Amino acid sequence: MDIPQELRKLGLKATLPRLRILQLFQESKSKHLNADDVYRLLHEEQIDMGLATVYRVLMQFADARILIRRHFEGVASVFELNEGSHHDHLICTNCGRMEEFLDAEIELRQEAVARERNFVLHEHSLSLYGFCGECAATINPLAGRKPRRP
């Protein structure tokens, strides 16, 4: 995809900060970044862009379907590149770690449930909340420790 050309088609200027924001998503180990993450990464590179501007650019990219905005319980909205393929998420309610997964059986079952109830799906998302392996190993359920929310 020719990103500068795609941005111009959408009526957005292909500025260096906008292009850098997209590169951050392409280069990041974490596929899910919130506005604060992007702002911090830009600031570390001495790119002068305010948090409000970062958020506005992220929303423009989401409106243009370049990024997908996700709303997870107990977590600030995160954005990820729209790579065109569906996936679901596992979210650790202790540390906030997110993992993507795709399970063909779950997808088929969701479609069957919709059909059984006379629904035609056009979009869906599945988010599973729990503890990642690392957090589960440190939480002692006998001590009654409650996990922290991110």
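Among contacts in the protein chain between residues at least 6 apart in sequence, 46% join residues at least 24 apart. The model is a predicted one, and its chain of 150 residues has 31% of them counted as buried. The domain assignment divides the chain into domain 1 (1–84) and domain 2 (86–142).

**Overall architecture**

- Six helices and five strands make up the secondary structure of the protein chain.
- Their order along the sequence is α-α-α-α-β-β-β-β-α-β-α.
- The C-alpha trace spans about 50 × 45 × 20 Å along its principal axes.

**The two domains**

- Domain 1 covers residues 1–84, and domain 2 covers residues 86–142.
- The centres of domain 1 and domain 2, taken over C-alpha atoms, are separated by 24 Å.
- Nine residues from domain 1 and nine residues from domain 2 take part in the contact.

**The largest nonpolar core**

- The largest nonpolar core contains 21 residues, and I21, F25, V38, L58 and F61 have the most contacts inside it.
- At least two residues of this core come from each of α1 (3–9), α2 (16–27), α3 (35–44), α4 (51–63) and β2 (78–81).
- Helix α4 provides the largest share of the core, with five residues.
- In soluble globular proteins, nonpolar side chains tend to be buried together.

**F61 and L7**

- F61 is one of the core residues with the most contacts inside the core.
- With neighbours within four places in sequence left aside, the contacts of F61 are L7, L12, R18, I21, L22, I66 and L67.
- L7 belongs to helix α1.
- L7 counts as buried because its relative accessibility is 0%, the cut-off for burial being under 20%.
- L7 and D48 lie 41 residues apart in sequence, and their C-alpha atoms are 21 Å apart in space.

**The largest pocket**

- The largest pocket holds about 540 Å³ of space.
- Its lining consists of 21 residues, and those nearest the centre of the pocket are R65, I68, R70, E123 and H124.
- Strands β1 (67–70) and β3 (88–92) each contribute at least two residues to this lining.
- The largest share of the lining, four residues, belongs to β1.
- By residue class, the lining of the largest pocket comprises five nonpolar, eleven polar and five charged residues.
- The largest pocket lies between domain 1 (1–84) and domain 2 (86–142), because both domains give residues to its lining.

**The second largest pocket**

- The volume of the second largest pocket is about 210 Å³.
- This pocket is lined by 14 residues, with S30, H32, G96, R97 and M98 the closest to its centre.
- Strand β4 (residues 98–101) supplies three residues, the largest share of the lining of the second largest pocket.
- The lining of the second largest pocket is made up of five nonpolar, four polar and five charged residues.
- Domain 1 (1–84) and domain 2 (86–142) each give at least three residues to the lining of the second largest pocket.

**Loop residues with positive phi**

- Most residues other than glycine have a negative phi.
- Q46 is a residue other than glycine with a positive phi, near 60 degrees.
- Q46 is located in the loop between α3 and α4.
- Q46 is exposed because its relative accessible area is 74%, where exposed means over 50%.
- R65, also not a glycine, has a positive phi of about 65 degrees.
- The position of R65 is in the loop between α4 and β1.
- R65 has a relative accessible area of 62% and is therefore exposed.
- R65 is also among the lining residues nearest the centre of the largest pocket.

How values were computed:
Residues are numbered from 1 along each chain as its sequence is written. This is a predicted model: local features need pLDDT of at least 70, side-chain atom pairs count only at pLDDT 80 or more; totals for chains, interfaces and linings use all residues. Side-chain values use heavy atoms; hydrogens and water are left out. A nonpolar core is a set of buried Ala, Val, Leu, Ile, Met, Phe, Trp, Tyr and Cys residues joined through side-chain atoms within 4.5 Å. Buried means under 20% relative accessible area, exposed over 50%, partly exposed in between (1.4 Å probe, protein chains only). Contact means heavy atoms within 4.5 Å. On a 1 Å grid over the protein atoms alone, a cavity is a set of points where a 1.4 Å probe fits but cannot get out, and a pocket is an open set with protein on both sides within 12 Å along at least five of seven lines; lining residues have an atom within 4 Å of a point. Grid points are joined across faces, edges and corners, and a volume is the space filled by probe spheres set on the points. Ala, Val, Leu, Ile, Met, Phe, Trp, Tyr, Cys and Pro count as nonpolar, Asp, Glu, Lys and Arg as charged, and the others, Gly among them, as polar. Domain bounds come from an automatic or database domain assignment.
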